[in-house]
Amino acid sequence: MRPSGFRVRGSTASGPGRGLVERFPDELRLVKLNGRDWRLASSYRFRSSAFGTIEVPAGFETDLASVPWFARCFVAVDGEWTKPAVVHDWLYSPAAAGLRLTRRQADAAFLDALRVRGVSPLLGRVLWLAVRLGGRRAFRRAAGAS
């Protein structure tokens with residue numbers, strides 16, 4: 001059983017000729033709600049190589065990685081993909097509609113974040129493909145709510 005909250009530390013990546021850049025500069029602080037849901041206790045940022053800084057606000061609610069029950073024996077709901085999954089949930093939410101990212105761009109930011117977190121290239125592609133195949137309805141629902 002998990003405690004009522006947990007934290008995931010930041011990630012770094014180096015760019016060509018740029019040295020070390022903090023791509024997830026903030027600690028991810030989560031508070032457990034009911035069932036599968038979590039709430040961000042404080043905001044945190046991801047510095048996307050393509051879309052700039054994406055800030056997920058405090059109070060945002062997420063289910064971490066939306067892994068279907070039948071796939072949980074292969075991929076847990078949380079892991080190195082937790083921070084990318086929360087960013088992706090935010091980008092799919094009605095509250096992020098002001099960013100005006102397309103679904104394809106949101107999924108590309110997710111793949112970029114997976115790479116930054118050190119998720120293996122194969123698993124990263126599987127997770128990216130899962131959101132490409134299964135995310136259409138969630139994105140349309142969020143777009144319709146904004």
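Trainee: Which residue's side chain meets that of Arg45 in a salt bridge?

Mentor: A salt bridge needs a side-chain nitrogen of Lys or Arg within 4 Å of a carboxyl oxygen of Asp or Glu. This is a predicted model: local features need pLDDT of at least 70 and side-chain atom pairs count only at pLDDT 80 or more, while totals for chains, interfaces and linings use all residues. Residues are numbered from 1 along each chain as its sequence is written, and side-chain values use heavy atoms, with hydrogens and water left out. At 2.8 Å, N to O, the side chain that meets Arg45 is that of Asp26.

Trainee: How many residues apart in sequence are the parts that Arg45 and Asp26 tie together?

Mentor: Helices (H or I, at least four residues) and strands (E, at least two) are DSSP runs, numbered from the N terminus. Arg45 lies in strand β6 and Asp26 in the loop between β3 and β4, so the parts tied together are apart in sequence by 19 residues.

Trainee: Is Asp26 buried or exposed?

Mentor: Buried means under 20% relative accessible area, exposed over 50% and partly exposed in between, using a 1.4 Å probe and protein chains only. Arg45 is partly exposed at 26%. With a relative accessible area of 17%, Asp26 counts as buried.

Trainee: With which residue does Arg39 form a salt bridge?

Mentor: The closest N and O atoms are 2.8 Å apart, and the pair links strand β5 (residues 38-40) to strand β8, 22 residues away.

Trainee: What is the angle between the planes of Phe24 and Tyr44?

Mentor: Rings of Phe, Tyr and Trp (its six-membered ring) pair if their centres lie within 6.5 Å; planes under 30 degrees apart count as stacked, over 60 as edge-to-face and the rest as tilted. The whole structure has 3 aromatic pairs. In this stacked one, the centres are 6.3 Å apart and the angle between the planes is 20°.

Trainee: Which elements hold Phe24 and Tyr44, and how accessible is Tyr44?

Mentor: Phe24 lies in strand β3 (residues 19-24) and Tyr44 in strand β6, so the pair ties together parts 20 residues apart in sequence. Phe24 is buried at 0% relative accessibility. Tyr44 is also buried, and its relative accessible area is 0%.

Trainee: How are the rings of Phe60 and Trp90 arranged?

Mentor: Both residues are buried. Their centres are 5.4 Å apart and their planes stand at 85°, so the pair is edge-to-face.

Trainee: In which helix does Trp90 lie?

Mentor: Phe60 lies in the loop between β7 and β8 (61-62), so its pairing with Trp90 ties together parts that are 30 residues apart in sequence. Trp90 lies in helix α1.

Trainee: How many of the 14 residues of α2 are buried?

Mentor: Helix α2 (residues 103-116) reaches 20 Å from its first C-alpha to its last, close to the expected 20 Å; the expected span is 1.5 Å times one less than the number of residues. Among its buried residues are Phe110, Leu111 and Leu114. Mostly covered, α2 has a buried count of 10.
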